[in-house]
Amino acid sequence: MENTTIDQLFKEKRPTLKYLAAQFTNDPDEREDLVQETMVRSLASIEKFLKHPKLMSWLYIIMKNTYINQYTRNKRLENYRSEYISTGYRNDMTTNRGESNFVASDIQHALNSLSKDYYNAFVMFLEGFKYYEIAEHLQIPEGTVKTRIHMARKSLQKQLKIYSKSVD
């Protein structure tokens, strides 16, 4: 397919997509990002839907799923932050930066020791991507993604065993 055809299609559909994005957010920058992300994600299969009568329905579903995924990631991050604060964190607490740097260094070393395949899948999982999103991005089966994440966890647990809480 020619890029000009896709470009024309997106120029035609952009105003409608902006209108649809207003259902999800009032922030103009977020709307623009949502439209852009929808277009980027649709590129993988756009040829199948180019002449399809339900093209806009398909684009809307992509937009809705993109918004839901972003919302879920943001909510998860918010929950982690609130959990961190509720554990008794205080700004006036003194911390041992040397120990923190040592632990961070060990974690980074353990991550770097993972194979590239395991590392990529595991980091995407930590960033909040779902298994099927990782599979699409890495162009591998979802089962392979699950296996790689599992194996990465096992490897990291083994390497960072010294930091696990011992239950005596």
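Trainee: Is Tyr67 buried, partly exposed or exposed?

Mentor: Good place to start! This is a predicted model, where local features need pLDDT of at least 70, side-chain atom pairs count only at pLDDT 80 or more, and totals for chains, interfaces and linings use all residues. Residues are numbered from 1 along each chain as its sequence is written, and side-chain values use heavy atoms, leaving out hydrogens and water. Buried means under 20% relative accessible area and exposed over 50%, with partly exposed in between (1.4 Å probe, protein chains only). At 25% relative accessibility, Tyr67 is partly exposed.

Trainee: How are the rings of Tyr67 and Tyr71 arranged?

Mentor: The structure holds 4 aromatic pairs. Rings of Phe, Tyr and Trp (its six-membered ring) pair if their centres lie within 6.5 Å; planes under 30 degrees apart count as stacked, over 60 as edge-to-face and the rest as tilted. Here the centres are 6.4 Å apart and the planes at 25°, so the pair of Tyr67 and Tyr71 is stacked.

Trainee: Within what arc do the buried residues of H8 fall?

Mentor: In H8 (residues 142-159), the buried residues are Val145, Arg148, Ile149, Ala152 and Leu156. They line one face of the helix, because seen down its axis, by the directions from the axis to the C-beta atoms, they fall within an arc of 95°.

How values were computed. Helix = DSSP H or I, 4+ residues; strand = E, 2+ residues; numbered from the N terminus. Expected span 1.5 Å × (residues − 1).
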